[in-house]
Amino acid sequence: MLEINSGFAIWLFTVSLGASALGGMLGMAGGVFIVPILVIFGHVDIHTAIGSSLISVIACSCGGAAPFLRGGLTNVRLAIVLEVATTLGALSGVFLFGVVPVPYLFFLFAVILLLSAQQMMARRGDPVSTSASTDSGQWTAMLRLDSSYPDRELGEMTAYRVHRVPMGMMLMYGAGLISALLGIGSGVLKIPAMDTALRLPIKVSSATSNFMIGVTAAASAGAYFVRGDTVTVVAGPVALGSVLGAGLGARLLMRLSNDRVRLLFVVVLVVLGAQMLLQGFGIHLMKGPL
Amino acid sequence: MNSAGLRPGRLEWLLAAVLHHGSWLASAIIGFGLGLALIDSRAPELTILRDMRVATIGIALFILLPVLRVILMIVVYVRQRDYRLSAVALLVLTIILLGFAVGLAGSRHHNAPGSSDARVTRNRSASFDPSYIA
């Protein structure tokens, strides 16, 4: 049995701080950790956890966007075009949110966690063809999506082209849907969209993806909020912990070896994925924190 | 092919400033609201549910921040006479507002936004609220 007291609020704050710091070290929002931790260890209802996590996703996106924007890494034009797909996906997710049975949400979450773990093991590299020679397609030309970014190693502006926008949009629709349904930033679907379809340089892809998740999450979080599904007692400490954690993570990123963080990440993802799977089958191994 | 000579970076700096300051403001309001509730909770029943209105305003602000960002983009693109991109931004805004409308239509409570707290407060006498704690 559980009571929402000040101790639980502090626990929520601390957990979100840790999750967002861990996520921030790899340049992503901590939602993928926050939801399972709240559900498994905090025994928070999964719908409440998802609603709160979406606020945290917005907070991480808005709070972390400034340096990327000022640094010229965010492709704002491409972001708004892709946001048509992600917000449409989020809207579909809102419709599905109350309909999908809870065990399915657990299974879906487990799949996303395990896929993320697998993705984390495979190294990402800049896509081979960022050269200006290949044709980037009709959409890109019409909306002037090609851009350039400052490459620190080369010390100059590097031009890049945006490829296969329609395919990218399709993947982004899926990312928006998963984001609204599970309360996460959906990096697991955005990374293939950015790397394989659009073929963006990694830094541009991380910055643009971070910029986009705020708007995507706002579409679903707004719906849940006006519906009266956002529980401030849970969402408040989670949002606050996330903002501070994301800032902390970005600082830690400079000091820790990337490989060690990656390994820690994979272990956490697999453990949480297995737990969510068990929870989906109705097996609860963990006791409450308080 | 950069942003077609329309003073590139100006929009980016504007958005950076709005998102940065907006995040700080929303976080500060949530922090202040939670602080108030914590102080409040030292009284009778050690629950921090007494008054979450201030923190709820902070949360609403966080949700509105990306919406404000999209509105700003519409304004800037219209002023740059980039009608294609402003139409795209307008479409995004419409979809987000549609989401809000869907939420409003599905609202289970009459005083929707603050109602989560109302629900929590209502169940405060019980040791836990089954509607949000499993």
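I read the elements of chain A from the N terminus and noted the order α-α-α-α-α-α-β-β-α-α-α-α-α. That comes to 11 helices and 2 strands; helices (H or I, at least four residues) and strands (E, at least two) are DSSP runs, numbered from the N terminus.

I noted the conventions: the model is predicted, local features need pLDDT of at least 70, side-chain atom pairs count only at pLDDT 80 or more, and totals for chains, interfaces and linings use all residues. Residues are numbered from 1 along each chain as its sequence is written, and chains are lettered from A and ligands numbered from 1 in the order in which they are written.

I looked up the scores and found ipTM 0.86 and pTM 0.84.

I checked burial in chain A: of its 290 residues, 60% are buried (20 or more other C-beta atoms within 10 Å of the residue's own, C-beta atoms being placed from the backbone).

I then took the contact between the chains, with 63 residues from chain A and 66 residues from chain B (C-beta atoms, placed from the backbone, within 7 Å). Helix 9 of chain A gives the largest share of the chain A side, 12 residues. I sorted that side into 37 nonpolar, 17 polar and 9 charged residues; Ala, Val, Leu, Ile, Met, Phe, Trp, Tyr, Cys and Pro count as nonpolar, Asp, Glu, Lys and Arg as charged, and the others, Gly among them, as polar.

I looked at pLDDT, the predictor's confidence in each residue, from 0 to 100. Chain B averages 75.

Conventions. A residue is buried if 20 or more other C-beta atoms lie within 10 Å of its own, exposed if 12 or fewer, and partly exposed in between; C-beta atoms are placed from the backbone. Two residues are in contact if their C-beta atoms, placed from the backbone, lie within 7 Å.
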